[in-house]
Amino acid sequence: MELAFYLEKSRSRGYTLQHSLAELADNSITHDAKNVWVYMYWSDDKGKNSFVMVVDDGNGMNEDELMNKALTIPKKEHEDQGGKDLSVFGLGLKTGSFNHCRSITVITKKDKLIKKTLNLSKGITDEMPSCIDCKFVRKHLKNFENQKSGTIILWSDLDRISMLRPIERGPNFYDDCDKSKKHFKLIYHKYLLENKINLYFNGTDDVNKTKTFDPFYKNNQKTIILPGTEISFLKGGGTILKPYIIPNDTGNENLNLSKNDLQGLYFFRKNRVIDFGGWFGIGEKQADRFWSSNDRFNRLRIEIEIPAETSKDWITTYKNKVNIPLYAVNKLRKSLIKTRKDYLEKINLMGDNESDKEPLNEILKKKNKLIKMLKNKIFTDEDLSKIESSIKKLK
Amino acid sequence: MIKDTNELILKLLLLLAFADKVYMEEEKELVNRISSELGVSKEKLSEVVSEVEKTDDITKQCRDTANQIQDKRDREKTIKLLSEMITSDKIVHKAEIFALQIIAEEWNMFIDKN
């Protein structure tokens with residue numbers, strides 16, 4: 001019960017649904033899953049029996065791993081297991097989930113099938129939530145039993161999702177699902193590009209598969225790679241800043257974010273984007289203002305890998321925010337000042353060339369054509385006065 | 001308890017009509033027309049209407065009713081009729097679209113592309 005009390009107290013950690021679902025997907029990737037299926041099911045008008053279910057085909061857990069790691073607060077600091085271990089603090093399942101629900105049921109299969117529920121009122125029990133009898137869940141459980149190994153995380157009693165919304169709870173629930181999908185295609189884009197994982201939403205068909213979205217457009221020939229900078233920090237660890245000028249004609253990136261929101265820094269940890277967009281409180285030295293996101297820099301995106309040795313200095317406990325540690329700010333600033341300067345020079349140069357080659361739009365095209373016509377014609381006095389009066393009329 | 005498929009189809013149409021809390025004249029006309037096409041008697045229709053009127057959980061009723069229609073052709077026919085119902089009063093409500101999504105989801109006829 002002490003555990004439930006602690007978890008109840010730490011419910012409001014500011015997790016959005018997409019961030020919490022990412023915690024579950026991180027666990028799946030850590031446990032070698034090749035496929036992750038996310039299901040969000042709105043059962044009734046008030047959402048009373050609604051649930052969120054995440055299924056994977058990873059290694060699963062044995063009783064010890066489930067009871068002494070997954071469903072409890074670890075007694076010692078999480079030690080990075082290397083490789084694909086995306087866990088930072090070892091708390092994601094609990095803190096992420098309980099920001100939205102009061103009950104987490106874990107069904108896992110390694111050597112044998114184990115089912116446990118961690119409930120904010122009752123602690124760890126063998127009780128299963130009522131939604132387990134829903135036809136939809138039963139169907140997936142049956143399929144799961146035929147899997148060699150894997151884990152199902154089932155959130156029920158979605159009090160924060162169902163109670164805190166006064167109207168249109170159902171449609172908003174599915175809007176959240178859409179946001180999560182968009183979030184996943186960005187933060188896991190490297191995994192998706194390399195076919196290391198398949199992430200499905202509300203189905204198992206190809207159409208349900210999350211497409212990848214590479215914010216750097218690395219496979220686009222028009223993307224320009226600016227020189228990178230290697231930085232090492234006194235406290236240990238280092239990183240490389242990899243700046244990209246993205247193409248001008250990328251269009252709407254369909255992430256519910258503007259080009260300005262998407263400019264700036266992208267912090268990665270083990271190929272997973274932790275936080276992105278903007279300049280993270282960095283600005284010119286001895287200036288009062290930080291760099292803001294604006295049109296001038298909206299084609300500049302910079303990849304930064306968080307140093308593995310010191311990642312806990314950079315990542316907040318709820319793993320969706322990066323706070324650049326003070327010891328790293330000056331070095332980063334120095335590199336970024338140079339990168340931003342390089343970027344502006346390149347953009348200005350490109351701007352000149354581009355305007356020589358092709359007009360920006362139809363109106364400009366017409367203007368240029370008209371000017372050429374006028375240049376090549378010999379006018380009489382009468383012609384000139386006609387043109388002059390026409391222009392005056394236009395004014 | 002409704003057992004007949006045509007009555008179930010009518011019930012879904014009515015659930016959609018009541019999803020926005022207002023049963024419009026155009027919706028009534030459409031229900032009457034489809035009801036006679038499906039061969040559902042006026043008495044039965046008014047029974048279904050009063051059942052739906054008393055419903056306090058549209059989402060749950062949509063799911064439960066949709067689940068009782070098993071035949072693929074019936075489902076396809078119903079989806080078409082439901083789309084007609086949504087636009088019958090020339091105003092599309094978010095609640096109606098959501099109810100249609102729920103029904104389509106039950107029948108694996110909903111795809112949310114990204």
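The radius of gyration used here is taken over C-alpha atoms, and the globule rule is 2.2 Å times the number of residues to the power 0.38. Keep that rule at hand for the two chains of this predicted model.

**Before you start: confidence**

The predictor gives the complex an ipTM of 0.82 and a pTM of 0.84. Colour chain B by pLDDT. Its mean is 91, and 96% of its residues reach 70 or more. Where pLDDT is low, the predicted coordinates should not be read in detail.

**Stop 1: chain B as a whole**

Follow the chain along its sequence and the pattern reads α-α-α-α-α-α.

Now apply the rule. For 114 residues, a compact globule would have a radius of gyration near 13 Å; chain B has 13 Å, so the two agree. Its C-alpha atoms fill a box of roughly 45 × 30 × 25 Å along the principal axes. Of the 114 residues in chain B, 35% are buried. Next, take the contacts in chain B between residues at least 6 apart in sequence: 80% of them join residues at least 24 apart.

**Stop 2: helices α1 and α2 of chain B**

Select residues 5-19 of chain B, helix α1, and residues 25-37, helix α2. Their axes are 11 Å apart and pack at an angle of about 175°. Angles over 145 degrees count as roughly antiparallel, so α1(B) and α2(B) are roughly antiparallel to each other.

Show the side chains next. From α1(B), pick L10(B), L13(B), L14(B) and A17(B). From α2(B), pick E27(B), V31(B), I34(B) and S35(B). By class, the residues of this contact are six nonpolar, one polar and one charged.

**Stop 3: helices α5 and α6 of chain B**

Move on to residues 72-87 of chain B, helix α5.

Which residues of α5(B) meet α6(B)? Select I79(B), L82(B) and I86(B). Their partners in α6(B) are E96(B), I97(B), L100(B), I103(B) and A104(B). This contact divides into seven nonpolar, no polar and one charged.

**Stop 4: where the chains touch**

Bring chain A into view. The contact takes 16 residues from chain A and twelve from chain B. On the side of chain B, the elements giving two or more residues are α4 (58-68) and α6 (94-106). The largest share of that side, five residues, comes from α4(B).

**Stop 5: chain A as a whole**

Hide chain B and select chain A. It has 13 helices and 13 strands. Return to the rule from the start. A compact globule of 395 residues would have a radius of gyration near 21 Å, but chain A has 27 Å. The C-alpha trace of chain A spans about 100 × 55 × 40 Å along its principal axes.

Of its 395 residues, 36% count as buried. Among contacts in chain A between residues at least 6 apart in sequence, 71% join residues at least 24 apart.

**Stop 6: one lysine in chain A**

Select residues 326-357 of chain A, helix α11, and find K341(A) within it. Is K341(A) buried or exposed? K341(A) counts as exposed, because it has 10 C-beta neighbours inside 10 Å, and the cut-off for exposed is 12 or fewer.

Last, draw a distance from K341(A) to G203(A). The two are 138 residues apart in sequence, and C-alpha to C-alpha they are 47 Å apart in space.

Key
Residues are numbered from 1 along each chain as its sequence is written. Chains are lettered from A and ligands numbered from 1 in the order in which they are written. Two residues are in contact if their C-beta atoms, placed from the backbone, lie within 7 Å. Helices (H or I, at least four residues) and strands (E, at least two) are DSSP runs, numbered from the N terminus. Axes are lines fitted to C-alpha atoms, for helices over the stretch in contact, and angles run from 0 to 180 degrees between N-to-C directions. Ala, Val, Leu, Ile, Met, Phe, Trp, Tyr, Cys and Pro count as nonpolar, Asp, Glu, Lys and Arg as charged, and the others, Gly among them, as polar. pLDDT is the predictor's confidence in each residue, from 0 to 100. A residue is buried if 20 or more other C-beta atoms lie within 10 Å of its own, exposed if 12 or fewer, and partly exposed in between; C-beta atoms are placed from the backbone. Angles under 35 degrees count as roughly parallel, over 145 as roughly antiparallel, 65 to 115 as roughly perpendicular and the rest as oblique.
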